[in-house]
Amino acid sequence: MTDRELERCLSEAVNRTAPDDLEAILSRCGAQNGSVMEMKERKANQNIIDAAVKEGTSKKKLRPWLAAACAALVLLGVGGGGLMYHQSYAVASVVSLDVNPSIELTVNRGGRVISCNALNEEAAAVLFSMSGGKDLKGTKLDVAVNAIVGALVQAGYMDSISSAILISVEDNDQERAARLQQELVASVDGVLRTQAPGTSVLSQVLTQDANTPALENMTFNSGISAGKAALVRKVMEMNGTIATDSTTAFDKLAALSVEELNDLLEMGETRIPIGKSAAALAAEEYAGTLELNSVTTDVDPELDEFPPHYEVEVKTTWGEFEYMVDAFTGQVLSGQRDLQNTTGPGTQSTPATIITETQAFDAAAEHCGAQYPGLQGYNAMNVVTKLDWDDGRQVYDVDFVISGYQFEYEIDAYTGAVLKWDTDYRSTPTPAAPDSPPSGTGSDTQDVGQDAAKQAALNHAGLTESQVTNWKIEREWDDGRLEYDVEFWCGTTEYDYTIDGHSCSILKHEWDHHSSGHHGGSGTGTSSQDIGADAAKAAALAHAGVSESQTTKMEVERDWDDGRLEYEVEFDVGRTEYEYTIDGVTGSILEYEQDVD
């Protein structure tokens, strides 16, 4: 098949899966586009050119267009033929695609692929049907990228609803790099909309940074692209290991998928997870299937859930079994132990009788107490136990509330094993010890009461009851947790609090200053007293007590409200979202909200 025929086939395949709707796609790329990450410019371009020329020295392997280029060089010397050769083989851009497979393409100025390289074993498997990437040489970049994305989907790398792909562009011409970035994101997004709609498309442009030579060396030794190395560097900066130039930390992070790395950044998590392979090993050890050759596993990272974990599906000849493995300790949190002794062929048979609802609840309560010792001693409320079927297996669905936190369990109806579980419990705020109930309580329900909730809000605001007016207190349940909504005014400032009904912890608070403030003009011009976006950002960070390096999703917007210049500042620190309204003239905090997700 000639290059032209290959390109035509790939283009037709892509067009069938994704319509040519570039404008519509570009209009929604802003939210998906990853932030620009800076790293050192690659210096291996000339080596790549030399390798391409070296590969072409064998007449047997020469493509027709490459042979013609060489002939032109002989006939025309360094004139027009030399220019043609340079344009065909000079690397203008380096594009990398990372999921867990890392694939790198070098591209000439005409947007044609010079080389396609697999940087790790998983990438080699993806490119196997394309002759290891050689079939993509000479094709248009977007056609090659879409072909690779289709192969990644077919290989199952986009099966997870939270999977992610990273597109990185290296180019000395930043304008061309930005254009390539936008075009590739739009093209890939168009393919994934129909084939893997849950996939996040992340992108970045890599620029020169003279401060990262050690990381550049690690990049080539770790079998990952420069783009993924930049993402790893971002995580290392967040967790502090970049300061020590830790090769071990780099290697551990480099082994993670783009999805895992992105989750670590979004959650502000400074620990390094065990990885998919270790999670699968832990699940198989727990299931007792390590010695069985017929067993396979599928692993899905859920680092953005609580607790952060890996979902491992162990597939055997006698059924499929799900396990939850702690992402950082490797402890198996749920799943059936020793499968061969309970369900495997030639061993003990499955128990003949179904356990009772009480036994199912006891199994769930025992697991809950082991996971959260701070909840031991509290009575379970709103208990609902129901016999059900899940994937051909009889299970009990057990739901209950302890100390205001909702728990949901799936229990094997025969063995009593915990198969799945979920909760809205968080490590903070910690409920009071059972022998020291919160003030104003003492009953099993542990309701702190309206007076205690009101006092907690006043203490946080630094006010006394005599200073405030317009009280409003409401008692309600939110996702199984008892809460109090407390609102009041002090002068021209409105206060709004959400108080945990069992621990008196502040779950959410907002202050809104309603004074007329400083008028900076009509609302359309600029003010000579404008403090500027940087000062507004600094005021918000100082009030929150954090540094900018600890934040993610930082946004600063300049606005006018009733003739007053204001700055809206928003950012995340781990699971906590901060929103500020800053006076654009004085830098004072007019309004702020802090919400724990």
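**Close-up 1. Pairing of strand 20 with strand 21 in the predicted model.** Tyr578 has Gln594 of strand 21 as its bridge partner. The two strands, strand 20 and strand 21 (residues 589-596), run antiparallel and are joined by seven bridges. Five residues lie between them in a hairpin, and Gly587 in the turn adopts a positive phi of about 80 degrees.

**Close-up 2. Strand 20 and its hairpin with strand 19.** Strand 19 (residues 564-573) pairs with strand 20 in the antiparallel sense through eight bridges. Val573 has Thr576 of strand 20 as its bridge partner. Two residues separate the strands of this hairpin, where Gly574 has a positive phi near 65 degrees. Strand 20 (residues 576-583) is largely enclosed by the rest of the structure, because six of its eight residues are buried.

**Close-up 3. The salt bridge between Arg176 and Asp171.** The side chains of this pair meet at 2.8 Å, N to O. Both Arg176 and Asp171 are buried.

**Close-up 4. The salt bridge between Glu322 and Lys420.** The closest N and O atoms of the pair are 3.5 Å apart. Glu322 belongs to strand 8 (residues 319-326) and Lys420 to strand 13 (residues 418-423), so the pair links distant parts of the chain, 98 residues apart. Glu322 is partly exposed, with a relative accessible area of 33%, and Lys420 is also partly exposed, at 32%.

**Close-up 5. The salt bridge between Arg558 and Asp530.** Here the closest N and O atoms are 2.8 Å apart. Arg558 lies in strand 18 (residues 552-561) and Asp530 in the loop between strand 17 (506-513) and helix 17 (533-544), so the pair ties together parts 28 residues apart in sequence.

Conventions:
Residues are numbered from 1 along each chain as its sequence is written. This is a predicted model: local features need pLDDT of at least 70, side-chain atom pairs count only at pLDDT 80 or more; totals for chains, interfaces and linings use all residues. Side-chain values use heavy atoms; hydrogens and water are left out. Buried means under 20% relative accessible area, exposed over 50%, partly exposed in between (1.4 Å probe, protein chains only). Helices (H or I, at least four residues) and strands (E, at least two) are DSSP runs, numbered from the N terminus. Two strands pair if DSSP finds at least two bridges between them. A salt bridge is a side-chain nitrogen of Lys or Arg within 4 Å of a carboxyl oxygen of Asp or Glu.
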